[in-house]
Amino acid sequence: MHTLFCFLLLVNLALSQQPNQAPFKVVVAVENSTVVAGSDVAVDVSLTNTSNQDVSEGVMYKGTGIDSTLRFEVRDGNGKLVPKRTYPHPELATGSVKFRTISVGETLTQHQTVSALYDLRKPGKYTVQVFRRSSANPDDDIKSNIVTITVTPKVPANKNGKGR
Amino acid sequence: MNRLRRVTASTILALLVFAIWSSVTHSRDERIRALMAADQSSRGINDPTTGLSGPTPQGQKPDPGRMSDEEKLVRDVYARLMRYQSAAVDELSAKTGKEAQPEDYLVFELRGIHSGPIQEIYARPLAELLTPRDGEILSIKPDRRRKGKELPHASYEAKWSPAGSVGRQSAGATVANMLLQTGSRFANVTQYTSYQVTARLNGKERTYRALVLYRPNSIGKPTYRTEAERTSKLAGVEIVDPVITEMTAVLTDESPRIRTPWEKYSKTTLYQAVVRSINTAMEAGQPLIPADAPIGYLPGDDVTPSDADTLALLANPACRDLLILRDGNDITGTTQNVVVGERISLSLETNPEGETPTSIQWTIGGNRVANYVANNSNGTVTQLQNLTSETLTYYWVTSGQQIEVSLTATIFGTSVTKYAYFNVTKPDPNAPSVTLPTSGQLNISMIGDCSGSTPGPNMVFGSISGPNPGCTYSGLAGIAFTPPTTSTPPGSFFFVQLVTGDTVLYSNATSTMTCTATNTPGLDGQYPYQGRIGQLVNDAPFHPLLGNRTSSSRNFAATMYLMWQSNTSGSIPVPMGSVAWGFSGSTTQTNGTWSAPSGSGSNQPFVAASGAGSFPTWTGTVVTANNNCH
């Protein structure tokens, strides 16, 4: 009897240790992996509802057009985090909230301009990873894959004012 | 070493034989002809797969350099039926626009071909040489077409059908029994050819044995020089095929094959040349299928048009033609059913071909555009302007019945005008439902972002609170749009929103700061709006209220477009219509508290798309008001 009790306890502990299934799968993709310095750098972020229920939520989009439920981590070629861009008068920033329902199994793909949030004007390689926020604790965020974007130097204009 | 060479040579030979057999399955006409040529040149004595043996007819030994005359006759008639049937399949495909599949083509494999004097099989059980007619058989039905009194062109439709009730071969019956039972029909048969047929069509296959029976003077190398001699020789040949009873009729058929599409072919110089060559041969009494013709040959195969054919064609006004083609298919004088946004690719063709038309002028009725390209950066309409080129690609924006397309061009020195007609449909219903969840009311909501800052007051079109864990928000949007639900015609609805104006004012006792959105009309967010296809979308714009200001107001205007894109290949999205909406309101601050906003939001009625001007167009996203304050 004692052995059976220990066995059931172990099974129960093992089950409780299993991580909960993340409600979303996050995939990031780049349209253009090489962009010229100064151009917009955008990624397509796909959220797939992997839970067993529809997810209805309101999402804020401020001036940068970034989905408030997403957090971006952009690193340069040395692996250092790239600082966020600053804009004048952030206290005046308008925005909007849009409500959506992502059905079970559905994938929503959003075009997100990363360069509106981070300064990617310097030529070099950058990696972008996206996190879907889950709670107040960033450790709970759901990670995406990592994509690499190369920013190439801007071609100087020739004497006629045209690029080569 | 020699042994190795022998083994290698044998392997290569086996592979070659296999390749020849396997290529039989390629049944398009050109493939059949190529196969027959290769088959004829490569095949030597009687087929090695035969289980029968014995001397060749009339005691001749087989010539290792070529196949026997009897084998050639058998292969020839089945090859010709394959070509006639291919013509029928291709014509049906051209008529329906449905691409033919490999299994639509009738394919034969012939094996175990053996010929000899009839006496040698008198005592053989009939079932060994002739499969009983039962199960499924192949019904073949000729389709003959002609323009005048000339020899008709032909194709043969083939399909599997039950054999039905037929007299059964009695068990143990011999060939002699069969010949006796048929009375005078086979009374003077002197020779025979026995062979195995494998017929494949529409995924079904049947393997059986058949016979060719020869009466006197009908066997041996064909040496006829006149049509009368050929007819006389073939009159003594009877093909006893238990699955295709019409094989003897196919043997005597001398029709050229129908070429696809018939309506177009029958007005070409090639048709003229085929008819001319047949008429010339018939008038001279020459055989239409020469004695030395290759296997599978049909009259007209080796004909090429001459200048005389072109002149003859031009002499007939009905043959000087201008055709309107859509995706390469003749649609002249027809009515086509299409949907809005479907790609329409037109071109022209003259008959006889090769004439360069001049003074081309297309006239396209209805509302149409040359193109519409939309993405997160741009939405651009290209008007249909060049209507004088040989090819034309465009899209209809609105629906209509019997929309006329005309083409005028000068060919052979004459101005000719041709017409085609289009019924253009669009989804129905095609208007969104629009709701104002807060009845148009503006509210003051305490909203924060996810940077950890303290939530502050904002004037919202709608009613919002948050952030919640995960940086989501709760409440009601100011306006919501639901697309129609219909799957006919197949396609998808989605929305595109352009911000057409946005001005925010902040005032205190001494000054007013004005912030105005720029790059209007600009794309709001992304294309399609909210990244959603076929789903409800909404909006709840807000602007922050500053503690050092005593009042704030906002005028916001946007237009939501309902788009629809057909599932047809190469389609563009087209507008179904649009809804203009906006809000205007103001609030004042007293001792840190902002008053309930005055003003409200509303929407205009849905305006159905009326043409190229109804497309949403933009260059980049709207630049929000806070970037332009003064």
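Predicted model: local features only at pLDDT ≥ 70, side-chain atom pairs only at ≥ 80, totals over all residues.
Residues are numbered from 1 along each chain as its sequence is written, and chains are lettered from A and ligands numbered from 1 in the order in which they are written. Local features need pLDDT of at least 70 and side-chain atom pairs count only at pLDDT 80 or more, while totals for chains, interfaces and linings use all residues.

**View 1. Elements of chain A.** Chain A contains 1 helix and 9 strands; helices (H or I, at least four residues) and strands (E, at least two) are DSSP runs, numbered from the N terminus. Their order from the N terminus is α-β-β-β-β-β-β-β-β-β. Of its 164 residues, 27% are buried, meaning that 20 or more other C-beta atoms, placed from the backbone, lie within 10 Å of the residue's own.

**View 2. The side of chain B that touches chain A.** Contacts link 33 residues of chain B with 29 residues of chain A; two residues are in contact if their C-beta atoms, placed from the backbone, lie within 7 Å. At least two residues of this side come from each of β20 (456-468), β21 (472-477) and β26 (537-544) of chain B. The most come from β26(B), with 7 residues.

**View 3. Strand pairing between the chains.** Strand β6 (residues 95-102) of chain A pairs with β26(B) in the antiparallel sense, over 3 bridges; pairing requires at least two DSSP bridges between two strands. Opposite Val97(A) stands Ala540(B), in β26(B).

Terms used
Buried ≥ 20, exposed ≤ 12 C-beta atoms within 10 Å, placed from the backbone.
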